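Hi,

Here is the structure I promised to pass on.

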Amino acid sequence: MNREARLEAVTEGHDAARRRRIESARRALAASGAKECADCGEPIPEPRRKAAPFARRCAACQSECEREFYCR
């Protein structure tokens, strides 16, 4: 596979992942529990929901999740 083909494959993968995240966000917004954090169950503040409509966690839980992921 040449460089252009690899780049195209990676780009297509990123685009597909982005489409999945967008669709997931749309489903979450349509769901009744979309306003609550998936981890702690507390309400996700409206400014966060507007800034990141795909967010499934409150900012505190998302920070903890990222800290655990990156600090392994």
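Is cysteine 40 buried, partly exposed or exposed? With a relative accessible area of 39%, cysteine 40 comes out as partly exposed (buried is under 20% relative accessible area, exposed over 50% and partly exposed in between, using a 1.4 Å probe and protein chains only).

Before the rest, some housekeeping. This is a predicted model, where local features need pLDDT of at least 70 and side-chain atom pairs count only at pLDDT 80 or more, while totals for chains, interfaces and linings use all residues. Residues are numbered from 1 along each chain as its sequence is written, and side-chain values use heavy atoms, with hydrogens and water left out.

Back to the cysteines. The structure has 0 disulfides (a disulfide being a pair of cysteine sulfur atoms within 2.5 Å). For cysteine 40, the closest cysteine sulfur belongs to cysteine 37, and at 3.7 Å that is too far for a bond. Cysteine 58 is in no disulfide either, with the sulfur of cysteine 61 nearest at 3.6 Å. Cysteine 58 is buried, at 11% relative accessibility.

Next, salt bridges (a side-chain nitrogen of Lys or Arg within 4 Å of a carboxyl oxygen of Asp or Glu). There are 3:

- Aspartate 39 pairs with arginine 57, with the closest N and O atoms 2.9 Å apart. Aspartate 39 sits in the loop between helix H1 (3–30) and helix H2 (46–51), and arginine 57 in the loop between H2 and helix H3 (59–70), so the pair ties together parts 18 residues apart in sequence. (Helices are DSSP runs of H or I, at least four residues, numbered from the N terminus.)
- Lysine 50 pairs with glutamate 46 at 3.3 Å. They are 4 residues apart in helix H2, about one helical turn. Lysine 50 is exposed at 63%, and glutamate 46 partly exposed at 43%.
- Glutamate 64 and arginine 67 meet at 2.5 Å, N to O. In helix H3 they are 3 residues apart, again about one helical turn.

Finally, the largest pocket holds about 210 Å³ of space. Its lining includes Arg21, Phe54, Arg57 and Gln62, and divides into 3 nonpolar, 2 polar and 4 charged residues. On a 1 Å grid over the protein atoms alone, a pocket is an open set of points where a 1.4 Å probe fits, with protein on both sides within 12 Å along at least five of seven lines; lining residues have an atom within 4 Å of a point. The volume is the space filled by probe spheres set on the points, which are joined across faces, edges and corners.

Cheers

How values were computed
Helices (H or I, at least four residues) and strands (E, at least two) are DSSP runs, numbered from the N terminus. Ala, Val, Leu, Ile, Met, Phe, Trp, Tyr, Cys and Pro count as nonpolar, Asp, Glu, Lys and Arg as charged, and the others, Gly among them, as polar.
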